[in-house]
Amino acid sequence: MPTVRPGQRAAVVRTLACVAVAVLAISSAPKGITAAPKIIDQLLSQALQTGNPLDPVEAVVTFSSRPSAVDLAVLSSTGVEIAPFRQLPMVAIKGTRLQLSAVTKLPISRIVSIYLNRQLT
């Protein structure tokens, strides 16, 4: 088992607590109740279906309100890098096609949409 330095202990405990809460939230979701369907950008869907599954992809996840610590932990549990926006209920994510595909299937009812990050024209 790796050694944890005293200054890192709090960060490790905090991370483990977030993961535990996320697992509990997912496992205790009522069965038989489905969340409203998320809007998945057509360009993101195409990007996830083509190319190398390990190539990096960037996307923006929009929530119905500011994402909670549990929402962020659940997103992180897929292995994507996350960057929550400060003022908007959005999180920029970056990961492999496989990781982003997992994000599109998360049972977070507060996710409204997931769009490919691209230059606006």
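Let me start with helix α2, residues 42–49, which lies across β1, β2 (56–63) and β5 (111–116) and runs at about 65° to β5. A word on terms: helices (H or I, at least four residues) and strands (E, at least two) are DSSP runs, numbered from the N terminus. Axes are lines fitted to C-alpha atoms, for helices over the stretch in contact, and angles run from 0 to 180 degrees between N-to-C directions. Contact means heavy atoms within 4.5 Å.

This is a predicted model, where local features need pLDDT of at least 70, side-chain atom pairs count only at pLDDT 80 or more, and totals for chains, interfaces and linings use all residues. Residues are numbered from 1 along each chain as its sequence is written, and side-chain values use heavy atoms, with hydrogens and water left out.

Now the sheet. In what order do the five strands of the open sheet come? The order is β1-β5-β2-β4-β3, and the pairing is mixed. Two strands pair if DSSP finds at least two bridges between them. At the edges are β1 (39–40) and β3 (81–84), each of which pairs on one side only.

Next, β2. Its partner β4 runs antiparallel to it, and seven bridges join the two. Within that pairing, V57 stands opposite G95 in β4. β2 also pairs with β5 in the antiparallel sense, over five bridges; here F63 has I111 of β5 as its bridge partner. β2 is mostly covered, with six of its eight residues buried, buried being under 20% relative accessible area, exposed over 50% and partly exposed in between (1.4 Å probe, protein chains only).

β3 pairs with β4 (residues 90–96) in the antiparallel sense over four bridges, and the bridge partner of E81 is K94 in β4. Helix α3, residues 69–76, lies across β2, β3 and β4, at about 155° to β3.

Last, the helix pair. How do α2 and α4 (residues 97–104) pack? Their axes are 9 Å apart, at an angle of about 135°. The two helices are therefore oblique to each other; angles under 35 degrees count as roughly parallel, over 145 as roughly antiparallel, 65 to 115 as roughly perpendicular and the rest as oblique. L44, A47 and L48 of α2 make the contact with R97, L100, S101 and T104 of α4. By class, that contact has four nonpolar, two polar and one charged residues. Ala, Val, Leu, Ile, Met, Phe, Trp, Tyr, Cys and Pro count as nonpolar, Asp, Glu, Lys and Arg as charged, and the others, Gly among them, as polar.
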